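Thank you all for coming.

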Amino acid sequence: MTRRAERRTQWLERLRKYRERVRRPPLVVEGQLQRMVGLTLEAEGCQAAVGSRCTVIAGAGAQVEVEVVGFAGDKLYLMPTGSLHGLTPNARVIPHAEACEARVGTGLLGRVLDGAGRPLDGKKLPRADATMPLVGRSINPLLRAPIQRPLDVGIRTINALLTVGRGQRMGLFAGSGVGKSVLLGMMTRYTTADIVVVGLIGERGREVKEFIDHILGDEGLSRAVVIAAPADTSPLMRLHGALLTSSIAEYFRDRGCQVLLLMDSLTRYAQAQREIGLAIGEPPTTKGYPPSVFAKLPQLVERAGNGPVDGGSITAFYTVLTEGDDHNDPVADAARAILDGHVVLSRELADAGHYPAIDIEASASRAMLNIITAEQLKAVHRFKNLYSLYRQNQDLINVGAYKAGSNARVDEAMAYQPELVRYLRQDIDEAVDFAESIAELLDLLGESEQETAESEQ
């Protein structure tokens, strides 16, 4: 070998070593755990971005995954995603550069996952086609397609009297035990949407099993993805469950699918953020909720809706738990302002055995006028007028103080009341499509409308 060839070989060897050195991961500056109060950890000696992950390693080998939720000076505020058992003072804190991402793909269909995307159904980790940011990507509001087509949810009352459009965001306001989970399960099974994504956030663990086995069923689960973050999980995991639910829905929407997103509940999401905000020292405002709660609610809700024109859509139902049946709760007020309508479930109707217990007088769909015909709108107004007129005079009628013939409008409302109530009721195993819902409504009021027209002539 010539001297020139030897020098070339030496240079190539040196370049190879330099390449290997460049490929090595950068040095990570570790910190120490200095303080732990409740669920809040304080670390010093390291730096990490808000939203990034760290691993806390104790002397006994215990490892806890945490997320950076804030900082003050040289201190990092961390929140665990799981149990804190085994942590010790001065434990090592190792930051990770990667941000939280959601693993998404068609392999998620029919699966039940936790807030971190891990299987809860005893099966293998689902195959992921791609990853998406957990916090989502904002869409220019001027590029969103308008709400112009109705979505069939299989519920007669909602289809006809509270018509929901593709890409609309609705709130389901209800107290505990009035049938909101059953109503969500019926929509999951009977909707015409391509994909259903269900987020069970902060609910009892027992309800997760019951919802999947008895309410959703095998048929509903086959085209659905269920994310469950029960009440016994950390507040950070409950937040991640809601964010993961939205990311999965966004993935299918971006591929042109019509997605129905059901999240139970938006209130538990707000309460999880309240726990985190108060733990890191954020001042409470209305009923103990810090300002960050009311900033994060619209960020989550705005992720649903239509995509670009000729693309997919996310039609969302967010349940709002009205504690003590108080519809003026701060979270309920904030949700009502940022949603495109609300369906109110009445405890009075539920106690009377009227299901679904939808209070048609207190409910409204803001996008309804843009997606229904003039004939349907006229029938809806007449239905509500008759129903409301009877309710206003119900006490007088029940005690016998009202005499037939005193008021023609009240007499008409009394005559129609049994049929109106029958129309509003629907069995759990009964599916009523959109066309059938409208046809039944027009047929119910057809005779009355004809009499009204004759009287006006």
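**A cis bond and its loop**

Let me begin at Pro 356, which lies in the loop between α9 (347–351) and β17 (364–365), where helices (H or I, at least four residues) and strands (E, at least two) are DSSP runs numbered from the N terminus. The peptide bond that leads from Tyr 355 into Pro 356 is cis, with omega near -10°. Residues are numbered from 1 along each chain as its sequence is written, and side-chain values use heavy atoms, with hydrogens and water left out.

A cis bond is also found from Asp 264 to Ser 265, with omega near 15°, and Ser 265 has its place in the loop between β13 (258–264) and α6 (266–279). As background, most peptide bonds are trans, and most residues other than glycine have a negative phi.

**Positive phi values**

That brings me to Asn 90, a residue other than glycine whose phi is positive, near 65°. Asn 90 sits in the loop between β5 and β6, and it counts as partly exposed because its relative accessible area is 46%, given that buried means under 20% relative accessible area, exposed over 50% and partly exposed in between, with a 1.4 Å probe and protein chains only. Lys 287 also has a positive phi, near 50°, and is placed in the loop between α6 and α7 (291–301). With a relative accessible area of 53%, Lys 287 is therefore exposed.

Let us return to the loop between β5 (75–80) and β6 (92–99), where Thr 81 is found. Is Thr 81 buried or exposed? Thr 81 counts as buried, because its relative accessibility is 12%. Leaving out residues up to four places away in sequence, Thr 81 touches Arg 53, Glu 65, Ser 234, Leu 236 and Met 237, where contact means heavy atoms within 4.5 Å.

Gly 217, which belongs to helix α4 (residues 205–221), is buried as well, because its relative accessibility is 17%. Setting aside its neighbours within four places in sequence, Gly 217 is in contact with Phe 211 and Ile 212. Between the C-alpha atoms of Gly 217 and Gly 185 there are 8.7 Å, although the two are 32 residues apart along the chain.

Ile 338 lies in helix α8 (residues 330–338) and is partly exposed, because its relative accessible area is 23%. Beyond four places in sequence, Ile 338 touches Arg 169, Leu 297, Pro 298 and Val 301.

**The chain as a whole**

Stepping back, the chain contains 13 helices and 17 strands, and its C-alpha trace spans about 115 × 55 × 40 Å along its principal axes. The chain is divided into domain 1 (31–98), domain 2 (102–369) and domain 3 (376–450), with bounds that come from an automatic or database domain assignment. How far apart do the C-alpha centres of domain 1 and domain 3 lie? The answer is 60 Å.

Of the 457 residues in the chain, 50% are buried. If we take the contacts between residues at least 6 apart in sequence, 73% of them join residues at least 24 apart.

Finally, a word on pLDDT, which is the predictor's confidence in each residue, from 0 to 100. The average over the chain is 88, and 95% of the residues score at least 70. Among the elements of the chain, the highest mean pLDDT is that of helix α2 (residues 156–161), at 96, and the lowest that of helix α13 (residues 434–456), at 72. Over residues 447–457 the pLDDT stays under 50, and for this stretch the model has 8 contacts beyond four places in sequence. Where pLDDT is low, the predicted coordinates should not be read in detail.

Technical notes. Predicted model: local features only at pLDDT ≥ 70, side-chain atom pairs only at ≥ 80, totals over all residues.
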